[in-house]
Amino acid sequence: MKIKNFSLTLLSIVLLVTLSVSVYGVVYNTYYGQALPISAETPKVTLQQGTAGTSTIYMNNTSAKVNVSAQITTYDYVLKVLNNITDAWKIKLRAYNQSNIDRLSNCTIYFHDGAVSRQIYIYNGTYTQQYGDLYDLVGSSIVYIAMTVSATDTGTSCVYAYLEIFVPGTSVYNLLVITFEIS
Amino acid sequence: MKIGSDRSKTLRLLCFLLSTLLVMTASAAVYNYMYLQAVPISSKTAKVTFANGSDAVAAGTNVSTSGTYVKFNSMSGWPNATRVYENATVIKNQDNVVNFTCRLSRDSWSGNTSSIDELYVKIYNATGKLKGTLDVKIDGNYTTFTIPHDEVWRVEWRIKWSATALSTDSISVTLMLTVTGEGTNE
């Protein structure tokens, strides 16, 4: 009899707790956020082939692959960054991945259009600098990407980088993928 | 005599049927009134609200007066490149005691959705820590997070159009934020 009473009491408690939780849980509000529209637009900053090394520009000129050999030390320039509008931007390079960079005694990737800005620097197989300072890409202008490389060993190394293109005064930016392949 | 007997039987049967009908009708008419009253249903200020983020101008962010609806009307991207709006809007918990659990999901999307390579909505707390990611491309995907009282969290959009996207392509997206517990004990 005692066990029966205990079981009934326990069941009642469980049911009451469940009821209160359920009642609380069903009180909610629904909010909406609408993006109308998200559009695709013609790229305002594009990449173009350089005069040194071999560069491949992909569809819409918004990504590229650069091939250079460590047998030659300086490649000026491997790519051009074109601002196709009169508005200014801020740009920088950021390495986000890599392979087999141990063999690189030096890999320096930099911008220039007069002033030089080092953006990525690998020294003795490790990053000393993985991204650069913001660099001005003024309206309707060109910035050049150049490299110096040397290696201690044969093989192929890759540095995967984003060209980050910022709208000045905001935290809105575009990421263009550039792959640097050093054989 | 036989005719009289038949008539009598018919009358009795008729009486029986009428009685049955009466009983049935009477039974059907037995009911009770019960009332449900909502007195009052009041309009309250929302505790969790949207507000403009620092990229509101670039994203074309419009927040409703009540802060419970937000629209972005000028987000875009370039083909084969990722566009990031780090702070298109913020979510505020204006209660000074209660932490609210939120669930963010896609309600609908339309347009040239097959030309979208990536579309993420990410939630970051006040210290910049990632607290939730919604992959808008995946049907049924959602993210849940609990926003502590008195905190303001930012909402980031990451958009990547495919390499073959045309400059005429566009999509429309509606997201749903469900805030649980708000309105309890008010």
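What share of the contacts in chain A with a separation of 6 or more is accounted for by residues 24 or more positions apart? The share is 68%, where two residues are in contact if their C-beta atoms, placed from the backbone, lie within 7 Å.

## Basis of the model

This is a predicted model, in which local features need pLDDT of at least 70 and side-chain atom pairs count only at pLDDT 80 or more, while totals for chains, interfaces and linings use all residues. Residues are numbered from 1 along each chain as its sequence is written, and chains are lettered from A and ligands numbered from 1 in the order in which they are written.

The pLDDT is the predictor's confidence in each residue, from 0 to 100. Chain B has a mean pLDDT of 91, with 92% of its residues at 70 or more. For the complex, the predictor gives an ipTM of 0.83 and a pTM of 0.83.

## Chain A

Chain A contains 1 helix and 13 strands; helices (H or I, at least four residues) and strands (E, at least two) are DSSP runs, numbered from the N terminus. Of the 183 residues in chain A, 34% are buried. A residue is buried if 20 or more other C-beta atoms lie within 10 Å of its own, exposed if 12 or fewer, and partly exposed in between, with C-beta atoms placed from the backbone.

## Contact between the chains

In the complex, 48 residues of chain B are in contact with 32 residues of chain A. The strands of chain B that each supply at least two residues to this side include E3 (69–72), E5 (82–93) and E10 (152–161). E11(B) gives the most, with 11 residues.

Strand E13 (residues 172–182) of chain A and E5(B) run antiparallel and are joined by 4 bridges; two strands pair if DSSP finds at least two bridges between them. Val172(A) stands opposite Tyr85(B) in E5(B).

## Backbone features

Most residues other than glycine have a negative phi, and most peptide bonds are trans. A cis peptide bond, with omega about 10°, joins Asp76(A) and Tyr77(A), and Tyr77(A) is found in strand E5 (residues 74–83) of chain A. The peptide bond from Val39(B) to Pro40(B) is also cis, with omega near -5°.

Asn60(A) has a positive phi of about 70°, and Asn61(A) has one of about 60°. Asn60(A) counts as buried because it has 22 C-beta neighbours inside 10 Å; Asn61(A) is buried, with 20 other C-beta atoms within 10 Å.
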